[in-house]
Amino acid sequence: MSCSLQRGGEKQFIMSVTRIVLTTHSKCEVIVMVDQLPNLGREIEMLSEMGLTDIEDLFSDIPADVRFSGALPLPPPQSEEEIIRDARRLLGANVDMGSRVSFLGGGLYRNYVPASVFQLVTRGEFLTAYTPYQPEVSQGMLQAMWEFQTLISELVGLPIANLSLYDGSTAAAEALTCAVRVHTRKASQPNIVYVSCLTPPDKLSVMENYCQGAEIEIKFLSHHDDGTLDMEGLKEATGSCGVYLEQPNPLGVLDEGLTKVKEIIGQNTALIVGVQPISLGMVEAPGHYGADIVVGEGQPLGSPVTAGGPIYGIFACTKPYLRLMPGRIVGRSIDVDGKEAYCLTLSTREQHIRRHRATSNICTNETLIALMGAMHMALLGPDGLHDLAYRNAAACQKAKEILGATQGVSLVHDTSHFNEFAIRVPGTAASCLEYLDQSGIIGGFDLNRWYSDATNQILVTTTDQTSLQDIQTLSAHLTLWANHQEVEA
Amino acid sequence: MSHLFEHNGAPNTGYSQPPPLQTDQPPNVPPGLLRSKPARWPRLSEPEMVRHYTWLSKRNFGIDTGFYPLGSCTMKHNPRVNEVIAQLPGIADIHPHQPEHHLQGLLAIYYEMQHMLEICAGMDQVTLQPVAGAQGEFTAVRCIQEYFRQRGETQRTKVIVPDSAHGTNPASAAMAGFEIVEIPSLADGRMDLEALSAVADETTAAMMITNPNTLGLFEADIVEASRIVHDAGGQMYYDGANFNAILGITSPGLMGFDAVHFNLHKTFSQPHGGGGPGSGPIGVRSHLAPFLPGPLADRRDSSASEQPRSVDGHWYHWREPEHSIGKVQQWHGNAGAVIRCWAYYRRYGAGLRTMSEHAVLNANYLRHAIHREAEIEGVSHLFVDGAETKVAKHEFTLSMQPAKEQLGISAMDVAKGLLDRGYMAPTVYFPLVVPECMMIEPTETESKDTLDTFANQFAKVLQSDAETLHEAPITTPVRRVDEVYAARNLCLRHPYDD
């Protein structure tokens with residue numbers, strides 16, 4: 001007996017016919033690939049040992065009225081080589097940044113990740129393990145994550161780090177709720193946090209979703225025209241539960257003023273600083289200027305951009321936040337023989353123990369990507385991190401020098417930057433970027449997508465992968481476009 | 001031992017970088033913002049770094065190492081081609097801020113994945129944005145919250161969860177601001193409809209439940225439960241943790257659910273990576289669809305000018321739901337995980353049902369084989385089924401209570417004994433409704449021979465005397481780890497000398 005596969009209505013799939021294996025059971029002949037199912041063809045043998053005759057017998061407990069009537073209207077199975085061929089075809093329709101001159105960043109950065117990181121992280125013992133609930137056979141990942149915690153702790157200058165959150169935005173959001181848990185009882189502005197008004201809307205949206213359940217109100221801190229924080233406005237945040245600022249800020253500006261923030265807001269308000277981790281090879285660690293919590297997108301260390309995920313969120317803090325912080329933490333301990341051993345610890349904060357009173361709902365996190373980060377950090381060492389930061393900063397400086405001298409283009413902030421900076425172009429950013437795209441250049445990010453009043457500003461991002469030629473190409477095409485604009489006018 | 005922080009070679013021992021770009025002025029970091037004290041990171045050359053992490057990997061157990069019957073975690077084989085695909089530049093080197101015409105392939109795969117999950121779950125719209133199961137739960141209850149706010153039903157402040165639910169269910173609902181109402185399960189572990197009826201009222205926003213439940217039993221009363229909750233005006237939320245049992249056989253939509261999350265890292269084989277990354281898309285019925293996080297992948301016929309860059313004649317684009325709750329992750333979710341799971345689903349396509357059939361076949365066969373081997377080895381009096389049932393679904397529970405009472409052997413002892421025999425231990429002490437619980441999920445990717453051998457070894461463990469088992473494990477890199485010591489003597493980072 002056979003039944004035809006229904007097609008999925010207007011939503012069609014890309015079909016291809018492959019080697020067919022018929023299973024021995026069920027109402028219709030379903031075709032599957034044998035390589036993932038070792039017991040295909042042994043069903044009757046296994047069933048008869050259980051005193052059953054048909055696989056259907058195993059589903060006798062599912063009422064008929066909630067059963068599918070036919071096969072799923074999905075395409076036929078494919079072999080590995082057909083899948084990879086289709087993957088290459090579909091993913092080949094994407095424009096990867098490496099195939100272009102690219103200046104796109106704004107939170108994710110194209111840094112070089114050494115080959116050994118990819119080779120090691122795909123070792124099956126790391127790749128295919130679950131959360132280390134049985135520490136005796138999980139020492140490898142546990143020790144690697146304890147080392148990761150140390151590397152992050154040293155990087156940001158704070159004593160405690162967890163072993164990752166989902167990304168920079170959820171790390172920032174969890175930091176706000178953590179700050180409220182710690183400070184709200186003594187705060188003169190309970191359940192209120194202050195966030196930089198430059199925070200990208202998508203990140204702010206994540207913060208709002210995480211904060212609304214705890215009825216936390218988010219207020220905003222303003223910046224001067226040169227991109228630095230308005231220290232007068234900051235005074236309003238005194239007595240609130242926490243302040244969230246980024247260094248460099250979302251426009252790439254390095255703001256020395258942040259080193260004075262903790263003095264102004266005081267001990268009972270958490271200073272939360274979001275970082276670009278590579279910058280910390282040159283720029284002061286926020287833990288050294290009073291930050292209570294440091295968060296950030298870990299991605300530039302260890303991970304490709306990957307369309308924004310999986311990446312990993314950094315979360316580090318001082319001791320007063322330890323027992324109310326989110327995420328998993330590894331501790332060093334001993335085994336029954338007194339031998340050094342590692343295990344998950346402080347689990348009583350977590351959902352599987354504390355249920356609805358947990359500090360966060362996070363369970364699955366980004367361990368494997370954090371491991372890539374640890375490997376990259378280990379390979380860099382302190383000198384390598386400095387050099388990497390310098391290369392990023394030098395590329396940014398060079399781009400500022402060249403674009404600052406490019407006809408028709410001006411720098412929005414003539415100050416210190418890391419990795420990226422905003423330029424003003426004669427015309428809308430959108431039309432400029434479209435023109436550059438037609439010339440094979442990903443020219444940057446249209447800041448109008450973040451800020452409604454910034455119609456002619458582009459965020460230009462450089463990394464260690466940016467060459468002098470890339471910058472010259474961008475400059476030349478910006479000049480062409482500016483001239484074109486003049487002719488149009 | 002290999003200790004990362006004991007490596008302290010010469011400066012610049014590590015990865016050798018090309019020179020920086022030459023600039024007219026040095027890069028300008030404000031003087032007050034220059035790093036005062038470098039991070040005390042180790043200094044390793046590449047061969048040292050490779051050896052350290054290889055050594056660590058050998059002290060870790062994955063599916064590739066051996067059988068991993070960890071209940072509730074669906075530890076199936078992870079096909080390697082998925083890793084190859086995820087490293088192609090068309091996914092590894094793309095940026096979510098690129099324009100749509102740069103991302104036609106990503107959008108096409110997102111569209112196909114949304115649609116595939118909609119079909120499998122019987123839902124009207126899927127979003128791929130949540131990056132983990134717990135985040136999917138949070139996202140869905142937020143959508144339900146906004147749905148009721150828009151309807152003016154702000155009194156619906158409670159979420160009902162069974163006491164056997166995963167901890168993430170109450171944690172996620174509480175994070176969204178809901179009050180949790182926990183209902184007790186019946187003695188056999190199934191849902192108590194009377195208890196549900198007693199609490200479902202005009203303050204109920206939703207019930208969160210997984211089916212099959214955490215004991216591996218199908219809740220045949222699920223349609224009645226849906227009716228009770230819907231009659232009270234609430235929404236039904238399906239925790240997809242156990243989806244591997246029912247693909248192509250039944251669906252949350254057929255059971256009457258309004259929203260569901262998927263654990264792509266369970267059902268669709270995104271490698272667990274020692275704790276993550278995962279991917280936790282959600283699917284909803286049409287009345288909740290306007291509240292989903294954006295953007296969603298959508299498509300139309302491509303115009304003539306778009307043809308050269310289009311995929312199969314379609315133009316793919318992002319779409320923002322009308323009353324979106326906003327974002328739960330800054331970008332487009334864990335795209336790299338979605339791609340891997342796309343590659344996995346393509347292996348089965350319309351045959352996904354066979355995958356679930358074999359997951360259930362293997363679970364039932366293993367349960368049978370464990371009892372069989374226990375009879376042969378004379379240890380069948382030392383454990384009982386965690387739940388009385390003719391058939392289990394993709395996993396089953398055993399209670400070691402008799403062994404505990406008769407010999408002082410606990411579920412944890414048995415778990416550690418299994419580690420010594422080269423297996424990952426099953427989940428222990430969950431769900432709490434089964435005393436001395438072991439929760440076993442073999443998945444469909446284990447052979448009959450592996451299951452038979454494991455069943456025999458399980459019985460052999462129970463032949464050991466209590467003292468021997470209390471000492472287990474003895475063959476592992478370390479022996480039982482003192483978790484109390486870890487909590488009392490917190491050492492969360494390398495102490496250096498301070």
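Predicted model: local features only at pLDDT ≥ 70, side-chain atom pairs only at ≥ 80, totals over all residues.
Leaving aside residues up to four places away in sequence, A:Leu176 touches A:Val193, A:Met207, A:Cys211, A:Ile216, A:Gly242 and A:Tyr244. A:Leu176 also belongs to the largest nonpolar core, which has 327 residues. Together with A:Ala175, A:Ala179, A:Ile293, A:Ile458 and B:Ala259, A:Leu176 touches the most other members of that core. Which helix gives the largest share of this core? That is helix α11 of chain A, residues 367–404, with 21 residues.

Now follow one of those contacts, A:Gly242, into a sheet. A:Gly242 stands opposite A:Ala270 in β6(A). The strands here are β5 (residues 242–247) and β6 (residues 270–275) of chain A, which run parallel and are joined by 6 bridges. Step back and you can trace the sheet they belong to: 7 strands of chain A in the order β2-β8-β7-β6-β5-β3-β4, forming an open sheet with mixed pairing. At the edges stand β2 (160–161) and β4 (217–221) of chain A; each has a single partner strand, so one side of each has no neighbour in the sheet.

With that sheet in mind, look at chain A as a whole. Chain A has 13 helices and 15 strands, and its C-alpha atoms fill a box of roughly 80 × 65 × 45 Å along the principal axes. Of the 489 residues in chain A, 60% are buried. How do contacts in chain A relate to distance along the sequence? Among contacts between residues at least 6 apart in sequence, 72% join residues at least 24 apart. The chain is divided into domain 1 (4–88), domain 2 (115–378) and domain 3 (385–488). Taken over C-alpha atoms, the centres of domain 1 and domain 2 of chain A are separated by 44 Å.

Chain B is divided into three parts as well: domain 1 (4–59), domain 2 (81–351) and domain 3 (353–485). Here the C-alpha centres of domain 1 and domain 3 of chain B lie 46 Å apart.

Alongside runs strand β3 of chain B, residues 179–183, parallel to β2(B) and joined to it by 5 bridges. One bridge pairs B:Pro162 with B:Ile183 in β3(B).

Next, find helix α12 of chain B, residues 352–377. This helix has 26 residues and spans 37 Å from its first C-alpha to its last, close to the 38 Å expected at 1.5 Å a residue. Because 20 of the 26 residues of α12(B) are buried, the helix is largely enclosed by the rest of the structure. Just after α12(B) comes B:Gly378, with a positive phi of about 75°.

The contact takes 175 residues from chain B and 176 residues from chain A. Which element gives the most to the side of chain B that touches chain A? It is α12(B), with 11 residues. That side of chain B is made up of 89 nonpolar, 59 polar and 27 charged residues.

Finally, some backbone details are worth a look. Most residues other than glycine have a negative phi, and most peptide bonds are trans. A:Arg355, however, has a positive phi near 50°. You will find A:Arg355 in the loop between α10 (351–354) and α11 of chain A, and with 21 other C-beta atoms within 10 Å, A:Arg355 is buried. In chain B, phi of B:Glu436 is positive too, near 45°. B:Glu436 lies in the loop between β12 (427–428) and β13 (437–440) of chain B and counts as buried, with 23 C-beta neighbours inside 10 Å.

Where are cis peptide bonds found? One runs from B:Asn211 to B:Pro212, with omega near 0°, and B:Pro212 sits in the loop between β4 (204–209) and α8 (222–231) of chain B. Another joins B:Gly294 and B:Pro295, with omega about -5°. B:Pro295 is in the loop between β7 (282–284) and β8 (296–301) of chain B.

Conventions. Residues numbered from 1 in each chain as written. Chains lettered and ligands numbered in written order. Core = buried A, V, L, I, M, F, W, Y, C linked by C-beta atoms within 7 Å. Buried ≥ 20, exposed ≤ 12 C-beta atoms within 10 Å, placed from the backbone. Helix = DSSP H or I, 4+ residues; strand = E, 2+ residues; numbered from the N terminus. Contact = placed C-beta atoms within 7 Å. Expected span 1.5 Å × (residues − 1). Nonpolar A, V, L, I, M, F, W, Y, C, P; charged D, E, K, R; others polar. Domains from an automatic or database assignment. Pairing = 2+ DSSP bridges.
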